[in-house]
Amino acid sequence: MRNMAQSFSQLFAAAAMAFAVAAVVAPAIAAGSARDADALADASYLYIATVRKDGNQSTAARVWFIATPDGQILFDTNTDSWKAKRIARGSPVIVWIGSATGPAFIGKAEVVGDQAVHDHMIEAIPRKYWLARMGLFGPKRAKFDSGQIITIRISPERDLPEGFQSQPGTPAPALSEKAVKQPNP
């Protein structure tokens with residue numbers, strides 16, 4: 001009887017934790033566009049492309065991510081990856097939610113050096129991804145401390161049209177709609 005009460009108590013604690021995590025993630029999802037909010041709620045992956053120096057799109061890479069309560073997105077990457085190098089020099093990012101053909105947006109990205117954000121990623125990624133929970137992958141304090149990985153923060157700027165697809169080597173869309181060039185009459 002005592003073991004059953006203890007098991008019930010543990011189950012209740014797990015349910016309370018799941019509810020608390022959902023309460024924290026829900027505002028983050030609600031902060032984006034309605035289209036993106038639905039997609040982020042179900043997505044396990046993002047596909048991220050950066051803009052090369054010549055203005056063309058890179059190949060989109062699949063990443064694990066965490067949405068923040070203020071509507072931003074966090075992901076970790078190797079310091080020596082092309083996306084890390086391009087983002088460090090100021091490249092915008094093109095993001096597809098859920099699949100390489102999912103809803104897309106363009107956003108500003110920045111490298112985050114805050115240890116509290118790194119700690120959040122170390123805790124949150126294993127809660128979302130079972131391979132990280134098993135310890136096979138995911139961010140570790142030693143990787144941050146040694147400079148092997150960094151965290152990137154994405155602030156969505158604008159949605160891209162339905163059906164917008166990754167086309168490496170083609171011109172990337174403008175960060176703002178105002179920057180989109182209108183054809184001359």
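View 1. Helices here are DSSP runs of H or I with at least four residues, strands are runs of E with at least two, and both are numbered from the N terminus. This is a predicted model, in which local features need pLDDT of at least 70 and side-chain atom pairs count only at pLDDT 80 or more, while totals for chains, interfaces and linings use all residues. Residues are numbered from 1 along each chain as its sequence is written, and side-chain values use heavy atoms, leaving out hydrogens and water. Of the 185 residues in the chain, 37% are buried (under 20% relative accessible area, 1.4 Å probe, protein chains only).

**View 2. Seven strands form an open sheet with antiparallel pairing.** Look for the order β2-β1-β5-β6-β7-β4-β3; strands count as paired if DSSP finds at least two bridges between them. At the edges sit β2 (61-63) and β3 (66-67), each pairing on one side only.

**View 3. Here β1 meets β2.** Strand β1 (residues 46-50) pairs with β2 in the antiparallel sense, over three bridges.

**View 4. Thr151 is a buried residue of β7.** This threonine is found in strand β7 and counts as buried because its relative accessibility is 0%. The side chains of Thr151 and Asp76 are joined by a polar contact of 2.5 Å (a pair of N or O atoms within 3.5 Å; within protein, one must be able to donate a hydrogen and the other to accept it, and residues adjacent in sequence count only if both atoms are side-chain atoms).

Methods:
Buried means under 20% relative accessible area, exposed over 50%, partly exposed in between (1.4 Å probe, protein chains only).
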